[in-house]
Amino acid sequence: MKKVLIASALMAMTVSATSMANPVWDYVGAGYTDAAGDGPYVEGSFRLNRNWVADASYARLSNGPFDANQLKAGLNYIMGTTLDFSPNTQTYLLGGVENWSGDADETGAYAGVGVRHPLTPQVELYSEATYHTVYDDHGSLAGGIAYFLSPAWAIRGNLALNSGDVKNEFRFGVSYQF
C-alpha cells in the first residue's frame, strides 16, 4: 500500500511539474563550441509573436592555422501542434542562412523541423532535424538540454550529429532568459 501511495504521489508531482513548464524562446547566451574547430560562441533568440521566433548565432572557430567565423540567422515558425501526453511541447519549422568567413568562405541555407519539450520547470529538452546547403550539403540531427538555475539563468548543452564528412558539433554554455 505504501509503495502505491508513493508511486501515485511521484506521478502527480511529475504531471504537475510538466503542466507548469513552458518552452523558453527569449534568451541570449554564450559558451564554447567544438565543430570544424573550437572556440567561443554567442547566440540569441527572440519570440516575435505567438508563432514566429527569430534566432541568430556567431562562433569564432580555430583549428591550428585554420580560423573561421560562423554566422547563422533564421526564423522558427511554431506550428501550434502538441503531443497528446504533453500539451506544452511545441513543434516548429526552422530555416535561415548560414555564412562561413575567414579561412573558409561559403554561404548557404538551412531548413528543418524541431520539437521543444519542457520536461519540468527546471529542465527543457529539444531536438531538431535540419538540412544544410553549406559544405557539400549535409543533414544534421541535434539534441540539447537547458537546465534552469533560476527563471533568468540556465546552463545549456547540445550535440549535433552531422552526415557525410562534416564534423559533429558540441556546444556548452550559459544563457540569460528575458
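Modeller: What follows is an account of the charged pairs, placed within the chain as a whole. The model is a predicted one. Of its 178 residues, 37% count as buried.

Side chains of opposite charge can pair when their charged atoms come close. In this model the count comes to five salt bridges.

One of them joins the side chains of aspartate 34 and lysine 167, at 2.8 Å from N to O. Aspartate 34 belongs to strand S1 (residues 27–34), whereas lysine 167 sits in the loop between strand S9 (153–162) and strand S10 (169–177); the pair therefore ties together parts that are 133 residues apart in sequence. Aspartate 34 is partly exposed, its relative accessible area being 27%. Lysine 167 is also partly exposed, with a value of 44%.

Another salt bridge is formed by the side chains of arginine 60 and aspartate 67, with an N to O distance of 3.9 Å; the cut-off for such a pair is 4 Å, so this one is counted. Arginine 60 is partly exposed at 31% relative accessibility, and aspartate 67 is partly exposed at 24%. Aspartate 67 is also among the residues touched by leucine 61, whose other contacts include Thr33, Ala35, Phe66 and Trp100. Leucine 61 in turn is a member of the largest nonpolar core, which has eight residues in all, among them Tyr41, Ala59 and Val134. A second, separate core of six residues includes Trp25, Ile78, Tyr92 and Leu94.

The salt bridge between arginine 116 and glutamate 124 has its closest N and O atoms 3.0 Å apart. Here arginine 116 is buried, at 7% relative accessibility, and glutamate 124 is buried as well, at 4%. Because the limit for a buried residue is under 20% relative accessible area, both partners fall within that class. Beyond this pair, salt bridges with shared partners link Glu43, Glu169 and Arg171 into one network.

Serine 140 counts as buried, at 10% relative accessibility, and the residues it touches include Glu128, His132 and Leu161.

Technical notes:
Residues numbered from 1 in each chain as written. Predicted model: local features only at pLDDT ≥ 70, side-chain atom pairs only at ≥ 80, totals over all residues. Heavy atoms only, no water. Core = buried A, V, L, I, M, F, W, Y, C linked by side-chain atoms within 4.5 Å. Buried < 20%, exposed > 50% of the residue type's maximum accessible area, 1.4 Å probe, protein only. Contact = heavy atoms within 4.5 Å. Helix = DSSP H or I, 4+ residues; strand = E, 2+ residues; numbered from the N terminus. Lists of a residue's contacts leave out its neighbours within four places in sequence.
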